Amino acid sequence: MTRKTDRVVLRIDVGTGKIQREIIAEEDVRTFMGGRVLGDKFLYEEMAPGIDALSPKNKILLGVGPLTGTSAPGTSRYAVHTKSPLTGLFLSSVSGGYFGPEFRRTGHDLLVIEGSSEKPVYILILDDKVEIKDAKEIWGMPTDATQEFIKEESGSTKIRVACIGPAGERQIPYASIVNERRVAGRGGAGAVMGSKNLKAMAVGGSKQVEVADHEAFKSAVKHAFQDISKNPRMREGFTLYGSNLGTSPLVAGGIVPWRNWQNGTSAEAKELFPETWRKKFVKKDVRCAPPCNVKCSKINLVTEGRHAGAISEGPDYETVYSFGACCDVSDIAAVIEADSLCDRYGLDTISMGVSIAFAMECYEKGIINRDDLGGEELRFGRSDLFPKLVRDTAYRQGFGELLSMGTKRMAQILGKGSDAFAMHAKGMEIAGYDPRGAKSVALVYACGPRGGCHKTSAGANSLSMAELRTGEARFSNQGKAALTKASGDKRVLSDSMMMCVFVHGSVSNEASLELLNAATGFGWSQEEAYAIAERGSNLERLFNVREGLRRSWDTLPARLLCESPGNGPNKGQVVELEGLVDDYYRICGWDVETGIPTREKLRQLGLEELLDRSLT
Ligand code: SF4
């Protein structure tokens, strides 16, 4: 018998069909909050070190946080934890949309999926009723058709589905999980689902999400919405342009990387500014799901030309970077089509676009040739090849077989010095902010637990913008470790409360804490909330240490360390990483020689006993 305030784990072994429920100890909820940090704890405890990410021993943990499914703004989110097939390290990936709140309304807080099914299946959770269903008919379908089929089969339009496409089925290491048109994109959680023959999770719930103090919560929600309304960046800019809002100042500062990071600007840069293309392509401003009053998502439709008919909820800034600037493409219609195809096939747009850009440079340098490409010339700017390249990657066919491996593995296979410009960190393709012009971002990529991801910080976007406002100081290493650490802690907190990072950036610390305490009744102080975030970062670090990670792994591609951008305002700049990493480790309480969290730091966080377990 569960109480309304209990936090519940639903454990499903898709191999044996065994289904169990457990209550999470209240002390664990108080210590690890929910969402990302609670997922960190379960992932660390449940996974043996050294397992193959695509073996039945890997697990998928899908969790929500204390605010998911409530009326607090920006809280329609869930987090997926697993071991990444792309990096072989820790992975947590967050998605917005309707799926997270609906899952919580089934009366569960964490779904743990274990084992591997012999045949394709999907999981259907309707409140307490859980079924593992045959997915023979939907295996092979793209993500949009899969969602429609399951809704129809279940007879309920209220059901929400998170699923994989053909890329996940083929275990492409950067395959995503897609719910509605939202994506848990980075690091290959979709491939882990594919390795389990698990096509989808479908949820429908009728339970009320309880908060500890209704009146206090109502008042906290009011304060949070007031904070958002007072912020002109959210009220105006973000509603108009979403995550593309900063493109123009980022281009002016040379932060947007062009031609696989060879250049810091382009004569055609303006074509990528949302101010240039919004009117032509944006058909509707939408929110990922209520409750949010921002509507940062854009439904884009191409109505004419080669890409006519392409429709996408996006592209976000990162996709404009990866398929646009990085591939030296200024045709936004081509980027919209590539975005839409990646979502349908279930591929991460950053890894896909950056892998294509890497291949373009390999082609131009003679490392690959027309024979490798079925007679095509894969030069920078060839956006006409995007649909074929994306499709071939998702189906692992033709040249897509190589692209599907990601840049690190591609460079290992191709050799000839290509690793110097394979733009990844720890195997994950780097997001679109050039640290040569904003030094704090170097640490985001080099030391981030999941590799070259911008989400190690509260946003490499906001970090870059903050750096740009400091003028020449952005080229200095001074004070950057502290900036990155603070931004990273805030991010972990956002992902644990499960509040959208854009919204959390607009809500004051006081209002955030008010929400958390009214929802949980735990009475956390600001310091305690941030200590939980630090606990998460250290758990993630320990997970990676246990996999063998040491200081030498915290690095960047040679292009960023030894080569300055060929043009733009950051010409002459490289990243001098070692001093930055020293500073960062000291601030984090990690040993400067090894990068391992110190015993003292772990003692402060109540994690000391994990140190020896991580080193054996
Ligand atoms: S700001 Fe955008 S992404 Fe965040 S909750 Fe609102 S609509 Fe969703």
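What volume does the largest cavity have? In this predicted model, the largest cavity has a volume of about 200 Å³. Of the 22 residues lining the largest cavity, those closest to its centre are Pro 449, Thr 456, Ser 537, Tyr 584 and Trp 590. Helix 22 (526-546) contributes the largest share of this lining, with six residues. Helix 19 (480-497), helix 22 and helix 24 (577-588) each provide at least two lining residues. By class, the lining of the largest cavity comprises seven nonpolar, seven polar and eight charged residues. In total, the structure contains four cavities of 30 Å³ or more.

The residues around the ligand include Gly 74, Arg 77, Arg 182 and Arg 287, together with Cys 288, Cys 292, Val 294, Cys 296, Cys 500 and Val 503. This shell consists of six nonpolar, one polar and three charged residues. Domain 1 (8-204) and domain 2 (232-422) each supply at least three residues of the shell around the ligand.

Helix 14 (residues 386-394) is largely enclosed by the rest of the structure, because seven of its nine residues are buried. These buried residues are Phe 386, Pro 387, Leu 389, Val 390, Asp 392, Thr 393 and Ala 394. The buried residues of helix 14 pack against helix 5 (166-169), helix 11 (317-324), helix 12 (332-345), helix 13 (349-364) and helix 15 (400-403). Just after helix 14, Arg 396 adopts a positive phi of about 50°.

Notes: Residues numbered from 1 in each chain as written. Predicted model: local features only at pLDDT ≥ 70, side-chain atom pairs only at ≥ 80, totals over all residues. Heavy atoms only, no water. Near = heavy atom within 4 Å. Nonpolar A, V, L, I, M, F, W, Y, C, P; charged D, E, K, R; others polar. Domains from an automatic or database assignment. 1 Å grid on protein atoms, 1.4 Å probe; cavity = no way out; pocket = protein on both sides within 12 Å on 5 of 7 lines; lining within 4 Å. Points joined across faces, edges and corners; volume = space filled by probe spheres on them. Helix = DSSP H or I, 4+ residues; strand = E, 2+ residues; numbered from the N terminus. Buried < 20%, exposed > 50% of the residue type's maximum accessible area, 1.4 Å probe, protein only. Contact = heavy atoms within 4.5 Å.
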